[in-house]
Amino acid sequence: SSGINAEYGENGRKFMFDGCPDTAWSSDGGKGQHVTVQLERPAVITRVRIQFQGGFSARQCILTSDGDRPLAEFFPADSNVVQEFLVTVETPCQTLTLSFGQLADFYGRLIVYSLELFGE
C-alpha cells in the first residue's frame, strides 16, 4: 500500500483490519493512495465497509482486481461514520486494490479506522 511502511508502528497497515475502533492506518501525503489486499482464497466481493476519520477521507474509491481490472467505483462521504457499499463483482478475485481519489485533506493524507471486504 501507499503510506507509512511501518507494519507495527502506531499507524501501521494492520490496524485497518484489527477490529479495534481506537487504531487506524495513516497514509503519507500525496496522490496515488491505495491499499492492496491479498485474500486467502479467491472470493466474489459483494460489499465494502470502510471508516475514515472525517477530514482525512477519500470521496472516491475504485476497487480493482488482479491485473488492474476495474470492479467497482463508489463515493464515500467525508465523515467519521462506518460506510458500506454494495459492489457487483461477477468473478472470484484473490488480489484486490482499493484506490483512493478526491482526498479531503489538502496534503493528500488518509486515516482509515477499518476496512472490511465481504463476499462469497
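This is a predicted model: local features need pLDDT of at least 70, side-chain atom pairs count only at pLDDT 80 or more; totals for chains, interfaces and linings use all residues.
**Notebook: pockets, rings and strands**

I looked for disulfides and found zero in the structure; a disulfide here is a pair of cysteine sulfur atoms within 2.5 Å. Residues are numbered from 1 along each chain as its sequence is written, and side-chain values use heavy atoms, with hydrogens and water left out.

**Cysteines and burial**

While on cysteines, I checked accessibility. Cys61 counts as buried at 0% relative accessibility, and Cys93 counts as buried at 0%. My classes: buried is under 20% relative accessible area, exposed is over 50%, and partly exposed lies in between (1.4 Å probe, protein chains only). Of the 120 residues in the protein, 41% are buried.

**Fold**

I listed the elements next.

**Largest pocket**

Then I went to the open space. The largest pocket has a volume of about 240 Å³. For the record, the search runs on a 1 Å grid over the protein atoms alone: a cavity is a set of points where a 1.4 Å probe fits but cannot get out, a pocket is an open set with protein on both sides within 12 Å along at least five of seven lines, and lining residues have an atom within 4 Å of a point. Grid points are joined across faces, edges and corners, and a volume is the space filled by probe spheres set on the points.

Which residues line the largest pocket? I get Phe17, Val37, Leu39, Glu40, Arg41, Ala43, Ile45, Leu115, Glu116, Leu117, Phe118 and Gly119. Strands β2 (34-43) and β8 (111-119) each supply at least two residues of that lining. By class, the pocket lining has eight nonpolar, one polar and three charged residues. In this scheme Ala, Val, Leu, Ile, Met, Phe, Trp, Tyr, Cys and Pro are nonpolar, Asp, Glu, Lys and Arg are charged, and the others, Gly among them, are polar.

I also looked at Phe118, one of the pocket-lining residues. The charged end of Arg47 sits over the Phe118 ring, 4.0 Å from its centre; the test wants NZ of Lys or CZ of Arg within 6 Å of the ring centre and within 35 degrees of the ring normal.

**Cavity**

How many cavities of 30 Å³ or more are there? I count one, and the largest cavity has a volume of about 30 Å³. Its lining is Val37, Leu63, Leu96, Thr97, Leu98, Leu115 and Leu117. β7 and β8 each supply at least two of the lining residues, and β7 gives the most, with three. The cavity lining has six nonpolar, one polar and no charged residues.

I followed up on Leu98, which is found in strand β7. Leu98 is buried, with a relative accessible area of 3%. From Leu98 to Ile62 is 5.6 Å, C-alpha to C-alpha, for residues 36 apart in sequence.

**Aromatic pairs**

Searching the whole structure gave me three aromatic pairs. Rings of Phe, Tyr and Trp (its six-membered ring) pair if their centres lie within 6.5 Å; planes under 30 degrees apart are stacked, over 60 edge-to-face, the rest tilted. Phe52 and Phe100 have ring centres 6.0 Å apart and planes at 80 degrees, so I log the pair as edge-to-face. Phe52 is in β3 (residues 45-52) and Phe100 in β7 (residues 93-103), so the pair ties together parts 48 residues apart in sequence. Both Phe52 and Phe100 are buried.

Phe106 and Tyr107 are also edge-to-face, because their ring centres are 5.1 Å apart and their planes at 85 degrees. Buried or exposed, Phe106 and Tyr107? Both are exposed.

Most residues other than glycine have a negative phi. Gln102 sits in strand β7 and counts as partly exposed at 47% relative accessibility.

Last, I checked Asp28, placed in the loop between β1 (25-26) and β2. Asp28 is partly exposed, at 42% relative accessible area. Asp28 and Leu110 are 82 residues apart in sequence and 7.6 Å apart in space, C-alpha to C-alpha.

Technical notes:
Helices (H or I, at least four residues) and strands (E, at least two) are DSSP runs, numbered from the N terminus.
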